[in-house]
Structures are given as structure tokens and as C-alpha cells.
Amino acid sequence: MSLELNQLPERVNGKRKVKYLRWWMLALFLLGVTVNYITRNSLGILAPELKTSLSMTTEQYSWIVGAFQLAYTLFQPLCGWLIDVIGLKMGVLICAGLWALMCMLHAGAANWIQLAVLRFFMGGAEAVATPATAKTLGEWFPKKERPIAAGWAGVGFSIGAMLAPPIIVVAHSYLGWQGAFIFSGGLAMIWVLLWWLLFQTPEKHPNLSKNELRLIKQDHEPDVAKQPFFKTLLTIGRNKRFYGIAIPAFMAEPAWAVLSFWVPLYLATERGMDLKHIAMFAWLPFFAADLGSIASGYLARLYGHLFGSSRINSVIASSVTGAFMMLSLALVTITPNPYLAIALISVGGFGHQMISCMLSALVVESFEKNNMATVNGMRGSAAWIASFLFSILIGLTADKIGYNPLFIAMACFDLIGALFMVAFIAERSGSRVTK
């Protein structure tokens, strides 16, 4: 901010101040991301029945998944720029309302083409989640807390995916597949109302104390002039640090696409599980991903204390640790036990979410606050290009060659990405991490 702290406006009189409000605002955002993933993953959970009800082939299903991923890829930078220009509250409010509506309209789909069109528009609206994460961290947390906050921010992405199987299966058992889509979209609409009522920027929030506002603004980050969309993209694209984030994101995202969209189908077709067994076990990789999200920020701080590394190098070290954990996916190919396979996939989920959260932390560490949402949107687009291409590849090859070559590829991708992270972002002269 360009204003001095003592020039910031007074809080609205008569409003009770809430301790640690920045963490409550993060929790509100995480609730929205959780609902986002419940609506998103409803398709994967219902895939076996949808293939029968709508007479879809595996290839046609892959195009439905691909339609969502294509829109998510294209719209992330635009959603990020929108948030940077009109503000976090209104940007998220508009996009979340649209994704909730699109999810409920899934119930009216009569064939795979209609479902693909609806998924495209839903994916475009849900693309707000990734850039909004960086914007929330940048607006509500001082720099020293952002790696840990980024770790907690990742929980919303994985806990929603974890809760999706039991919630969608229960909704399906009572309401059918059409009702399950309407139910999950209704949950999203409820959260939209909560966001509208409860969220505000730190400068305007009536329940934020002066002391906490002073803590949030302690880094005195200047406001950067807002630029037109394409000029912003060009400016960011000239910064080599962006590629130290975007390339690792590109290499990491296929694993998350498999967890979100293909693991239920993999468990059904390759491991012989029915829908009830999938509901019992498909949440475990996402629970492990929750733990990886939380652990990543604390591990970064631990590396800083143990080795005296800078905050950026500590974040990179945490991400590289996650990349090595992804090697567990290669072992899935040689185990005949389906429960051990789920355990190994879960280790991969833990490692992936460590990488993903620390990439968000690198965005807020490396770029100006007024561009964070746009940068994270561009990072998300790089990730989802890979996600889209990999899902199409699975659809075209899984029935012919199986899933084993794909698991081996995912095991290696993140180590390649880690090399670019170290080459383009790591600081060569470390300073001890700020406490």
C-alpha cells in the first residue's frame, strides 16, 4: 500500500473485532474451494453410470473431461486479471455464481455433447479458484506467513476432492445422477451467499482490528498500476521467474488430473471395484493431499531454520521433496494388491499437493501484489494445458495399453519440473529465512 498505516481508514464503529480474522477469511475461501471441488469431481464419481445412461465411450468421456480442462486453461489468466482489476470479492462472486448454475444444469444433459458444452462453461467459471488463491494470500497475509498460509490454502482443493465421493454417492442414492448434480450446485450457491455476506478486503472489513491490519500491511507493498489484459500477459511473460513456476506446474498437473477425473474409473475398470468400494477408498489420495498441503509450508519453514536458506529457497526445497515422493506412482504398476495401489497413489497425492501449494507460495513471493492473481492464473493455464493433453491421451490409449505407462510418466514428470524451478528461481546467495 502507498498509504502509511496511520492514514488507513478507521474501522466501522460498533463492530466487534475478530481475532485472527485473516485466518477466518482464508477459511471462508477454503470452504468455497472445497465446494468447487465437490462440484468439479461429481463428474468423475458418476462417470461409470453416465457412460451407461448416456451411452458414452471412454473416448467420448475424455472429451467431456477435456472440455472442462480446455476452458479452465483458457480462462485462468482472464479470471486472474478480472480479480486484479475489479477486486477479489466481486470477481469471485460472479464466477462462483456461474459455476454453481452450470453444475445444476448438468441434470438436463441428454447426451455427451450437451454434457461437454456444460462442462466447458463450468470450467471457465471455476478457473477463478487458482488465481483467487494467490490474491487471497497477497491481500490478507504478510510475507512471512504466506508459505504456511499457502499450505493451508491447498487443503480446500484436496478436501473437496476427498469429500466428493461420499457426498455424491449419497446424493446419487437418493436423487439419482441428475439430483446429485443439482445438490452439489446448490451447495455452491449457498457458499456464494456466504461470500457476499462475509468477505471484504482488509482495508474495508469492519471486524478487523488495527493491530491485525498493521500486521497484514507490515511489508508496505506498493500498488502497481493496472494494465490492459494483453499488456499484463506480455510483461509477465518476459520475466524468467514465471517459467520457473509455469514449467513445474505443467509437469505436475497431469497427476492431479488423474486423481480428480480418472482414479474412480481406473479403480472400476482395472481394479474391479464397484461404486460403493470407490466411495470407500477414492477419498484417501485426497486426504493424503490435504496432509501434504499442510505439511508443505511448515516444511519450508523447517528448511529455513535448519539450513539458513532464504524464504524462496526454503519453498523450493519443500516442493522438490514433494517431487521425489511422486516416484511412488511408478510402483503402482507392479503391485497386484488394489489397496496397496491406493496407498501408493495416496503418497503421490501427498507429494503433488506439496508441489502445488509451494508453487502458489512462489507466485506471492516473486511477483507484485497487484499482479499475483494474473500470474497464478497464467501458472494455472500452463498446468491445465498439460492436464487437458494428458486426459485426452488417457482417453485415446487407456483401453488399448492400460494405465501403467501413464503412471510411470507421472512419476518422472515432477523431477524434471524441479530442475527448471531450481534453474530459474532459486537464489544463489541465500539469506536466513525471515521469522
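Q: Which helix holds W196?
A: This model is predicted. W196 is one of the residues in a nonpolar surface patch. The helix that holds W196 is α6.

Q: Is W196 buried, partly exposed or exposed?
A: The relative accessible area of W196 is 48%. Buried needs under 20% and exposed needs over 50%, so a value in between is partly exposed. W196 is therefore partly exposed.

Q: With which residues is I167 in contact, leaving aside its neighbours within four places in sequence?
A: I167 is found in helix α6. Its relative accessibility is 25%, so I167 counts as partly exposed. Beyond its sequence neighbours, the contacts of I167 are I38 and F183.

Q: How many Å separate the C-alpha atoms of I167 and A149?
A: I167 belongs to helix α6. Along the chain, I167 and A149 are 18 residues apart. Their C-alpha atoms are separated by 27 Å.

Q: Why does the span of helix α3 agree with its 18 residues?
A: Helix α3 covers residues 88–105. The expected span is 1.5 Å times one less than the number of residues. For α3 this should give 26 Å, and the end C-alpha atoms agree because they are apart by 26 Å.

Q: Which residues of α3 are buried?
A: Buried means under 20% relative accessible area. In α3 the residues that count as buried are L88, K89, G91, V92, L93, C95, A96, G97, W99, A100, M102 and C103.

Q: Is V315 buried or exposed?
A: V315 sits in helix α12, residues 311–325. Its relative accessible area is 1%. The cut-off for buried is under 20%. So V315 is buried.

Q: Which residues is V315 in contact with, leaving aside its neighbours within four places in sequence?
A: V315 is a residue of helix α12. With its near neighbours in sequence set aside, the contacts of V315 are P147, A300, M358, A361 and L362.

Q: How many Å apart in space are V315 and I408, C-alpha to C-alpha?
A: The two residues are 93 residues apart in sequence. In space, C-alpha to C-alpha, V315 and I408 are apart by 26 Å.

Q: How many salt bridges are found in the whole structure, and what is the closest N and O distance between E126 and R40?
A: The search of the whole structure finds six. E126 in helix α4 and R40 in helix α1 are 86 residues apart, so this pair links distant parts of the chain. E126 is buried at 0% relative accessibility, and R40 is buried at 1%. The closest N and O atoms of E126 and R40 are apart by 3.0 Å.

Q: Which residue forms a salt bridge with K135?
A: K135 is in helix α5 and its partner is in helix α2, 51 residues apart. K135 is buried, with a relative accessible area of 6%. The closest N and O atoms are 2.9 Å apart, and the partner is D84.

Q: Which residue meets K217 in a salt bridge?
A: K217 lies in the loop between α7 and α8, and its partner lies in the loop between α6 and α7, so the pair ties together parts 14 residues apart in sequence. Both residues are buried. The N to O distance is 2.6 Å, and the partner is E203.

Q: What is the phi of S55?
A: S55 lies in the loop between α1 and α2. At 60% relative accessible area, S55 is exposed. S55 is not a glycine, yet its phi is positive, about 55°.

Q: What average pLDDT does the chain have?
A: Of the residues, 93% score at least 70. Over residues 1–13 the pLDDT stays under 50. Residues 430–435 are also below 50. The chain average is 84.

Notes
Residues are numbered from 1 along each chain as its sequence is written. This is a predicted model: local features need pLDDT of at least 70, side-chain atom pairs count only at pLDDT 80 or more; totals for chains, interfaces and linings use all residues. Side-chain values use heavy atoms; hydrogens and water are left out. Helices (H or I, at least four residues) and strands (E, at least two) are DSSP runs, numbered from the N terminus. Buried means under 20% relative accessible area, exposed over 50%, partly exposed in between (1.4 Å probe, protein chains only). Contact means heavy atoms within 4.5 Å. Patches are made of residues with over 30% relative accessible area and no salt bridge: like charges are joined within 9 Å, nonpolar side chains (Val, Leu, Ile, Met, Phe, Trp, Tyr) within 5 Å. Accessible areas come from the Shrake-Rupley method with a 1.4 Å probe; for residues, only the protein chains shown count as cover. A salt bridge is a side-chain nitrogen of Lys or Arg within 4 Å of a carboxyl oxygen of Asp or Glu. pLDDT is the predictor's confidence in each residue, from 0 to 100.
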